[in-house]
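These are my notebook entries on one protein chain. I looked up packing, helices, ring pairs and confidence, in that order.

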Amino acid sequence: MGQPAPDFLARDLSGKEVRLSSLIAGRKALLLFYRGGWCPYCNEQLAAIARDSQKFEELNVAVIALSGEETEKGKDLLQKLHLPFVLLSDTKFEAIDRYGVRSADVPEMLRARGINQLPKPSAFVIDATGIVRYKYVGKNAPDRPKNEDLLRALGEADKSTEPSGTGSTPV
């Protein structure tokens with residue numbers, strides 16, 4: 001934390017390459033890494049953020065969620081959950097690796113379904129100057145920050161130019 005947020009290219013749901021820095025464009029951002037649309041914990045978290053979208057908008061936050069799935073899977077998830085924020089696809093795991101959230105542990109039941117790599121469920125708050133102010137990396141699939149913690153970290157990102165450790169979980 002307190003370091004510049006790694007910039008990256010990923011594909012939006014139309015298949016176009018987009019850069020994180022241009023999506024944020026001087027705003028605060030909540031960058032979420034989720035395992036995939038098949039994951040019930042991911043669906044629950046993304047739906048909860050969608051329900052609180054007004055609170056995130058009031059803080060002028062760009063919410064961006066990224067997985068290692070193909071764009072078609074993201075389109076299905078967007079329609080299923082009616083998500084009011086950006087979903088990105090990182091099938092090469094380049095952004096996932098830049099943030100250090102690739103999971104070393106993929107359960108055998110997922111490997112049997114052809115899923116051989118996953119991001120850890122993670123959340124990063126990036127302030128308007130591009131500095132990471134909050135980081136939460138889940139220890140397992142259900143381990144995710146609560147919206148209240150994310151909103152608090154986003155609110156505090158305005159107040160300080162010093163790294164804030166409030167609510168963060170060590171990696």
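Entry 1: I listed the contacts of Leu30 (contact means heavy atoms within 4.5 Å), leaving aside neighbours within four places in sequence. Leu30 is in contact with Ile49, Phe56, Val61, Ala62, Val63, Ile64, Ala123, Phe124, Val125, Leu150 and Leu154. I note that this is a predicted model, in which local features need pLDDT of at least 70 and side-chain atom pairs count only at pLDDT 80 or more, while totals for chains, interfaces and linings use all residues. Residues are numbered from 1 along each chain as its sequence is written, and side-chain values use heavy atoms, with hydrogens and water left out.

I then looked up the nonpolar cores. A nonpolar core is a set of buried Ala, Val, Leu, Ile, Met, Phe, Trp, Tyr and Cys residues joined through side-chain atoms within 4.5 Å; buried means under 20% relative accessible area, exposed over 50%, and partly exposed in between, with a 1.4 Å probe and protein chains only. The largest core has 28 residues, and Leu30, Leu46, Phe56 and Phe85 have the most contacts inside it. At least two residues of this core come from each of S3, H2, S4, H4, S6, S7 and H7. Here helices (H or I, at least four residues) and strands (E, at least two) are DSSP runs, numbered from the N terminus. I also found a second, separate core of 22 residues, with Ile24, Ala29, Phe124 and Val132 among its members.

**Entry 2: helix H7.** I checked the length of H7, residues 147-159. At 1.5 Å a residue its 13 residues should span 18 Å, and its end C-alpha atoms are 19 Å apart, which agrees. The expected span is 1.5 Å times one less than the number of residues. Buried in H7 are Asn147, Leu150, Leu151, Ala153, Leu154, Gly155 and Ala157. These residues pack against strands S3 (28-33), S4 (61-67), S6 (122-126) and S7 (132-137), and against helices H2 (40-51) and H3 (53-58).

Not counting residues up to four places away in sequence, Ala157 touches Lys28, Val125, Asp127 and Arg133. Ala157 and Ala29 are 128 residues apart in sequence, yet 9.9 Å apart in space, C-alpha to C-alpha.

**Entry 3: helices H2 and H4.** For H2, the 12 residues should span 16 Å at 1.5 Å a residue, and the end C-alpha atoms are 16 Å apart, which agrees. I recorded Cys42, Asn43, Gln45, Leu46, Ala47, Ala48, Ile49 and Ala50 as its buried residues. The elements covering them include S3, H3, S4, H4 (71-81) and H7.

In H4, I found Thr71, Gly74, Leu77 and Leu81 buried. Seen down the helix axis, these buried residues fall within an arc of 115°, so they line one face of H4; the arc is that of the directions from the axis to the C-beta atoms. They pack against S1, H2 and strand S5 (86-89). The face turned away carries the exposed residues Gln79 and Lys80. Just after H4, His82 takes a positive phi of about 55°.

**Entry 4: aromatic pairs.** I counted four aromatic pairs in the structure. Rings of Phe, Tyr and Trp (its six-membered ring) pair if their centres lie within 6.5 Å; planes under 30 degrees apart count as stacked, over 60 as edge-to-face and the rest as tilted. Phe8 and Tyr99 form an edge-to-face pair, 6.0 Å centre to centre with 85° between the planes. Phe8 lies in the segment before strand S1 (9-11) and Tyr99 in the loop between helix H5 (94-98) and helix H6 (108-111), so the pair ties together parts 91 residues apart in sequence. The relative accessible area is 4% for Phe8, which is buried, and 9% for Tyr99, also buried.

The rings of Phe33 and Tyr99 have centres 5.4 Å apart and planes at 50°, so this pair is tilted. Phe33 lies in S3, so the pair ties together parts 66 residues apart in sequence. Ring pairs link Phe8, Phe33, Tyr99 and Phe124 into a cluster.

**Entry 5: confidence.** The pLDDT (the predictor's confidence in each residue, from 0 to 100) averages 89 over the chain, and 93% of the residues score at least 70. Over residues 161-171 pLDDT stays under 50, and the model has 22 contacts beyond four places in sequence for them. Where pLDDT is low, the predicted coordinates should not be read in detail.
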